[in-house]
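Please look over the sequence and the model below before reading on. The paragraphs after them are meant for someone who is meeting this structure for the first time.

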Amino acid sequence: MSAEPLPADLVGQITNKDPALGLQAVVALRRLLEELERVHVDNARDQGWTWQNIATALQVSRQSVHEKHATRRKTTGKED
Amino acid sequence: MFERFTELAKRAVVGAQDAALSMGHDFIGTGHLLLGLAQTAGPAGEALREHRVELRQAREQTAQALQEAGIAATGGQPAKDALASIGIDVAEIQRRADDTFGPGVFRFPRPRFTPRATKTLQLTLREATALGHQQIDTGHLLLGLLAEGDGVGVKVLHTLDVDTGALRETVLNRMTRQA
C-alpha cells in the first residue's frame, strides 16, 4: 500500500497547474462515482429498499434513479 | 434496449465485457463484441464458425488492431493514477468493497461501450425492426456489427479473409431458418 500523502503534498497535487492532469482526475472521479452509485443502489435494492427511499437518499427524483438502474438490474437478472 | 435481448444475446455482450477486461482494455469496442459473438451459441456464432472465424485468432487480431491504433492495454491504470494524484486509493476501495459486497461487485474502471459499439447496438435495433423481430438475438448483433462497417470488429473479419457480404447472407439464412 502506498504511504498516505502529507496534506501539503495533497494540496499541491489538487492545485496542480497542468489542466490535463486535473481534468483527467475529474473524469476518473466521475467514473468512480458512477461505479459506487451502482454498487450501493444494488445493495439497497437487495436489502429491500424501495426506489423512492433510494431516490430520497441520493437526493434525486424517483424517476431518474429508476430510469438509470431498474432496466440494468432487470437485464442482468438481478430483478424481475 | 437490453430488455429485448435474448439470453444468448445478453451472454454475448457479457462475453464482450469479459474479453475487454481480460485483454486489459477499459472499454468495450466492436472488436470485443465480435469476440463475444464468436464464443456464444446462436446464429451469429454459428455463422462465424461457418466462415472459419476462430476465437483465438480473432482475439489475437483484435489485440493487434487495437495496438496498431495506439490503444494501450493498461487495465485502467491511468484512471487509477489520476485518482491517486488527488489522494484517492482505488486499491483500498477495491479491498473494502470486496470484503463487504463480495469479490468483483465493485469494478473500476468498469468498461464502457465505445461510440462505435454504441452505434453498433443502435444498428442492431434497426436490423431487428427491419426484419419485424421483437426479440434481439445474436444474429441481429452480428448484422449490426457488419452494418456499422468501420470498426475494429469488421477490420478483424477482413484480416481473417472473411467475405462480410457472404457472412451477412449466412447469418440471415440461419435466422430465418430458426424463426
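This is a predicted model: local features need pLDDT of at least 70, side-chain atom pairs count only at pLDDT 80 or more; totals for chains, interfaces and linings use all residues.

Chain B and chain A come together through 26 residues of chain B and 20 residues of chain A, and the area buried between the two chains is about 1,900 Å², with carbon and sulfur atoms giving 66% of it. Of the area that chain B buries against chain A, I86(B), F101(B) and R110(B) supply 25%, more than any other three residues. Between these chains the count is 2 salt bridges, while 4 residue pairs, both members at pLDDT 80 or more, are in polar contact. On the side of chain B that touches chain A, α5 (77-84) and α6 (90-101) each supply at least two residues, and α5(B) has the largest share, with 5 residues. Sorted by kind, the residues on this side of chain B divide into 15 nonpolar, 2 polar and 9 charged.

In one of them, R110(B) is paired with E35(A), and the closest N and O atoms are 2.7 Å apart. This pair crosses between chains, with R110(B) in the loop between α6 and β2 of chain B and E35(A) in helix α2 of chain A. R110(B) counts as buried because its relative accessible area, 15%, is under the 20% cut-off, and E35(A), with a relative accessible area of 2%, is buried as well. In another, the side chains of D26(B) and R31(A) meet at 3.6 Å, N to O. D26(B) lies in the loop between α1 (7-22) and β1 (27-28) of chain B and R31(A) in helix α2 (residues 19-46) of chain A, so this pair also joins two chains. Here D26(B) is partly exposed at 22% relative accessibility, whereas R31(A) is buried at 14%.

Over all chains, the count comes to 18 salt bridges. Among them is a pair within chain B, in which the side chains of R174(B) and E50(B) meet at 2.7 Å, N to O. This pair links distant parts of the chain, since R174(B) in helix α10 and E50(B) in helix α3 (residues 43-50) are 124 residues apart; E50(B) is partly exposed, with a relative accessible area of 45%. In chain A, salt bridges that share partners join D42(A), R45(A), D46(A), R72(A), R73(A), K78(A) and E79(A) into one network.

A buried position in chain B comes next. T138(B), which lies in helix α8 (residues 138-148), has a relative accessible area of 1% and is therefore buried. A polar atom of the T138(B) side chain lies 3.2 Å from the backbone nitrogen of A44(B), and the residues that T138(B) touches, not counting those up to four places away in sequence, include L8(B), L37(B) and P43(B).

Most residues other than glycine have a negative phi, and most peptide bonds are trans. A cis peptide bond, however, joins F108(B) and P109(B), with omega about -10°, and P109(B) is found in the loop between α6 and β2 (112-113) of chain B. Phi is positive, near 60°, at Q59(A), an exposed residue at 72% relative accessibility in the loop between α3 (51-58) and α4 (62-75) of chain A. D161(B) likewise has a positive phi near 60°; D161(B) is exposed at 71% relative accessibility and lies in the loop between α9 (152-159) and α10 (164-178) of chain B.

Terms used
Residues are numbered from 1 along each chain as its sequence is written. Chains are lettered from A and ligands numbered from 1 in the order in which they are written. Side-chain values use heavy atoms; hydrogens and water are left out. Helices (H or I, at least four residues) and strands (E, at least two) are DSSP runs, numbered from the N terminus. Buried means under 20% relative accessible area, exposed over 50%, partly exposed in between (1.4 Å probe, protein chains only). A polar contact is a pair of N or O atoms within 3.5 Å; within protein, one must be able to donate a hydrogen and the other to accept it, and residues adjacent in sequence count only if both atoms are side-chain atoms. Contact means heavy atoms within 4.5 Å. Buried area is the accessible area (1.4 Å probe) that two parts lose on being put together, summed over both. A salt bridge is a side-chain nitrogen of Lys or Arg within 4 Å of a carboxyl oxygen of Asp or Glu. Ala, Val, Leu, Ile, Met, Phe, Trp, Tyr, Cys and Pro count as nonpolar, Asp, Glu, Lys and Arg as charged, and the others, Gly among them, as polar.
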